Amino acid sequence: MASNELVLLDHWVSPFAMRVRITLDEKGLPDESKHQNLQEKSPLLLQMNPIHKQVPVLIHNGKPINESLVVVQYIDEVWYDRSPLLPSDPYQRASMRFWADYVDKKIYDTGKKIIVGKGEEVETAKHELIASLRTLELELGEKPYFAGHTFGYVDVSLIPFYSWFYLYEKIGKFNVELECPKLVKWAKRCILKESIFKNLPDQLKVYDYIVELKNAGKYK
Ligand SMILES: N[C@@H](CCC(=O)N[C@@H](CS)C(=O)NCC(=O)O)C(=O)O
């Protein structure tokens, strides 16, 4: 490929943007990260993601790709020769996509209910989140990573939420490590990778930032 200009419309606290940053680093691809103000969206963000108006957006040679899991798959397809994230076998690929989709459906929105919910709603969301994390822990089993011995697509989809665990725990009054020790062990294994520790913010920083947004009525 002659030219590869990669621009990422980014936000440091977004677990979805983290997925893309991790993938770019796994592939050794340099990009220009443009931090977005999500309270006051830039004309560029509105132009590049007119449907959802959300980060992340990867702009590859001027063309936008939206939705984090779509972006991760796109990068993996274009640069498949560099540490592939998805296996080549169609059945295994389908299985990895199923679990990444499970992460998408079960973690962020339930976590949000813990953060902004009231009373019983928080309790219900907390139990739902723990149940989903246990399901993921069961799928991981004794493997080092979800696909086996190598870090892959499901790992990329889930690991950013590790930086949000403290926020969920503090507000929901529970401890993920006590509920899902093997999953936390997996997260601690992932964080040893440069592409992960470089791109995951400190859990306390995430807590402070989201609580401040919530108190200002800006996290809804
Ligand atoms: N399904 C989307 C979710 C992206 C998303 O929720 N982004 C948030 C930041 S974490 C955002 O841009 N929020 C601004 C808004 O929705 O107005 C993806 O996977 O990319």
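At what angle do H3 and helix H4 (residues 90-106) pack, and how far apart are their axes? The angle is about 150°, and the axes are 11 Å apart. This structure is a predicted model. The briefing starts with the annotated domains, moves to the sheet, then turns to the helix pairs.

- UniProt, in an unreviewed entry, lists residues 4-83 as "domain: GST N-terminal".
- That span, residues 4-83, is 36% helix and 21% strand. Its end C-alpha atoms lie 18 Å apart.
- The UniProt annotation "domain: GST C-terminal", also from an unreviewed entry, covers residues 89-209.
- Residues 89-209 are 71% helix and 0% strand. Here the end C-alpha atoms are 41 Å apart.

**The sheet**

- Strands of a sheet pair through backbone hydrogen bonds, either parallel or antiparallel.
- This sheet is open and has four strands, in the order S2-S1-S3-S4. The pairing is mixed.
- Which strands stand at the edges? They are strand S2 (32-35) and strand S4 (63-66). Each has a single partner strand, so one side of each is left without a neighbour in the sheet.
- From one strand to the next, the twist averages 25°.
- Strand S1 (residues 6-10) pairs with S2 in the parallel sense, over four bridges. In this pair, Val7 stands opposite Glu32 of S2.

**Helices on the sheet**

- Helix H1 (residues 15-26) lies across S1 and strand S3 (57-60). H1 runs at about 155° to S1.
- Helix H3 (residues 68-78) also packs on the sheet, where it touches S3 and S4. The direction of H3 makes about 125° with that of S4.

**The loop between H2 and S3**

- Most residues other than glycine have a negative phi, and most peptide bonds are trans. Two places in this loop are worth checking against that.
- Lys53 is found in the loop between H2 and S3. Lys53 is not a glycine, yet its phi is positive, at about 55°.
- Pro56 is in the loop between helix H2 (43-48) and S3. A cis peptide bond joins Val55 to Pro56, with omega about 0°.

**H3 with H4**

- Two packed helices are described by the angle between their axes and the distance between the axes.
- Why do H3 and H4 count as roughly antiparallel to each other? Their angle is about 150°, and angles over 145 degrees count as roughly antiparallel.
- The crossing of H3 and H4 is right-handed.
- From H3, the contact uses Leu69, Gln73 and Glu77. From H4, it uses Arg93, Arg97, Ala100, Asp101 and Asp104.
- The residues of this contact of H3 with H4 divide into five charged, two nonpolar and one polar.

**H5 with H8**

- Helix H5 (residues 108-116) and H8 have axes that come within 9 Å. The axes cross at roughly 40°.
- H5 and H8 are therefore oblique to each other.
- H5 passes H8 in a left-handed crossing.
- Tyr108, Gly111, Ile114 and Ile115 of H5 meet Leu167, Tyr168, Ile171 and Gly172 of H8.
- The residues of the contact of H5 with H8 comprise six nonpolar, two polar and no charged.

**H8 with H12**

- Helix H8 (residues 165-172) also packs with helix H12 (residues 203-215): their axes come within 7 Å and cross at roughly 60°.
- H8 and H12 are therefore oblique to each other.
- In which sense does H8 pass H12, right-handed or left-handed? The crossing is right-handed.
- H8 makes the contact with Phe165, Tyr166, Leu167, Lys170 and Ile171. H12 makes it with Gln203, Leu204, Val206, Tyr207, Ile210 and Val211.
- The residues of the contact of H8 with H12 divide into nine nonpolar, one polar and one charged.
- Leu167 and Ile171 of H8 are listed in the contact with H5 and again in the contact with H12.

Definitions and conventions. Residues numbered from 1 in each chain as written. Predicted model: local features only at pLDDT ≥ 70, side-chain atom pairs only at ≥ 80, totals over all residues. Heavy atoms only, no water. Axes fitted to C-alpha atoms, helices over the stretch in contact; angles between N-to-C directions. Parallel < 35°, antiparallel > 145°, perpendicular 65-115°, else oblique. Left-handed = near helix turned anticlockwise from the far one by under 90°. Contact = heavy atoms within 4.5 Å. Nonpolar A, V, L, I, M, F, W, Y, C, P; charged D, E, K, R; others polar. Pairing = 2+ DSSP bridges. UniProt positions renumbered as here; feature names shortened; annotations may be inferred.
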